[in-house]
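Hi,

Here is the structure I said I would hand over.

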Amino acid sequence: MNASAAATETDNRLPQALFDAVALRGQTRSFPAHAILINEGDSTDSIYIVLSGRVKAYASSEDGREVVLTEYGAGDYFGELSLDGARRSASVKAIEPCTCRVVQGSELQAFLSEYPEFALHLTRKLIRMVRRLTDQVRSLALQDVYSRVVRLLHESSEPVGTERVVRRKLTQQDIADRVGSSREMVNRVMKELGAGGYVTQREGRIVLLRKPPTSW
């Protein structure tokens with residue numbers, strides 16, 4: 001993850017005082033890895049405060065294909081798009097065992113009245129979300145799979161000496177879900193990057209040995 005992406009992730013997390021205040025509302029629930037917390041199309045209006053673990057928000061097609069929209073970790077919250085009364089626009093699944101504080105919409109309305117700074121934080125988060133989704137749409141429309149894979153690897157990695165190391169262990173299916181492609185196409189791109197001496201794998205993590213070319 002580059003500095004910009006890391007900063008955005010940090011900005012999305014609630015300040016400690018707000019986190020502590022909102023975490024007093026609702027109920028604490030624990031979920032095993034791969035559990036579905038929210039289903040696309042649900043009519044629930046609760047938000048989730050992540051206390052521990054990680055989850056991913058994704059959209060899926062009728063044939064089971066998925067595209068990952070974003071991930072959330074401890075200190076993040078999700079589900080706020082239901083505040084307008086519409087059905088859930090995406091599904092959320094636990095990547096690893098996680099614990100959340102689940103706050104009902106009615107409780108959140110009262111919390112917003114008591115803590116207007118939460119409304120400001122929410123507004124800024126939604127602005128960043130629109131910008132990020134605009135970038136994703138631009139990438140899907142204007143970049144090929146190779147360019148999207150290279151961009152993801154760069155944004156998901158951090159510098160270690162002269163190399164960049166992807167912090168999380170990503171399978172080729174993980175990459176495909178994030179760039180909106182098939183695993184077979186991602187496999188082809190990764191093989192080409194490996195053959196060109198641009199990437200390798202160490203202890204299950206992808207390492208960028210040098211900057212790949214901008215186009216295939």
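E11 and strand E12 (residues 205–208) are paired in the antiparallel sense over 4 bridges. A word on the terms: helices (H or I, at least four residues) and strands (E, at least two) are DSSP runs numbered from the N terminus, and two strands pair if DSSP finds at least two bridges between them. Before you go further, note that this is a predicted model, where local features need pLDDT of at least 70 and side-chain atom pairs count only at pLDDT 80 or more, while totals for chains, interfaces and linings use all residues. Residues are numbered from 1 along each chain as its sequence is written, and side-chain values use heavy atoms, with hydrogens and water left out.

Back to E11 and E12. Thr 200 has Val 207 of E12 as its bridge partner, and Gln 201 has Ile 206 of E12. The two strands form a hairpin with 2 residues between them, and Glu 203 in the turn has a positive phi of about 50°.

E9 and strand E10 (residues 163–166) pair in the antiparallel sense over 4 bridges, with Pro 159 partnered by Arg 164 in E10. This hairpin has 2 residues between its strands, and Gly 161 takes a positive phi near 65°.

What joins E10 to E12? The link is 2 bridges, with the strands running antiparallel. Arg 164 turns up again here, standing opposite Leu 208 in E12.

Put together, that gives an open sheet of 4 strands in the order E9-E10-E12-E11, with antiparallel pairing. Strand E9 (157–160) and strand E11 (199–202) are at the edges with a single partner strand each, so one side of each has no neighbour in the sheet. From one strand to the next, the twist averages 30°.

Strand E3 (residues 47–52) and E6 pair in the antiparallel sense over 2 bridges, and Ile 49 stands opposite Tyr 77 in E6.

Gly 53 is in the loop between E3 and strand E4 (55–60). Is Gly 53 buried or exposed? Gly 53 is buried, at a relative accessible area of 17%; buried means under 20% relative accessible area, exposed over 50%, and partly exposed in between (1.4 Å probe, protein chains only). Leaving out residues up to four places away in sequence, Gly 53 touches Tyr 72, Gly 73, Ala 74, Glu 96, Pro 97 and Cys 98, where contact means heavy atoms within 4.5 Å. Gly 53 and Val 166 are 113 residues apart along the chain, and their C-alpha atoms are separated by 18 Å.

**Helices H5 and H6**

The axes of helix H5 (residues 145–155) and helix H6 (residues 172–179) come within 10 Å and cross at roughly 110°. That makes H5 roughly perpendicular to H6. Axes here are lines fitted to C-alpha atoms, for helices over the stretch in contact, and angles run from 0 to 180 degrees between N-to-C directions; under 35 degrees counts as roughly parallel, over 145 as roughly antiparallel, 65 to 115 as roughly perpendicular and the rest as oblique.

On the H5 side the contact is made by Arg 148, Val 149, Leu 152 and Leu 153, and on the H6 side by Ile 175, Arg 178 and Val 179. These divide into 5 nonpolar, no polar and 2 charged (Ala, Val, Leu, Ile, Met, Phe, Trp, Tyr, Cys and Pro count as nonpolar, Asp, Glu, Lys and Arg as charged, and the others, Gly among them, as polar). H5 is mostly covered, with 8 of its 11 residues buried, among them Val 145, Tyr 146 and Val 150.

**The chain overall**

The chain has 7 helices and 12 strands. Buried residues make up 42% of its 216 residues. Of the contacts with a separation of 6 or more, 72% are between residues 24 or more positions apart. The C-alpha atoms fill a box of roughly 55 × 40 × 30 Å, taken along the principal axes.

Cheers
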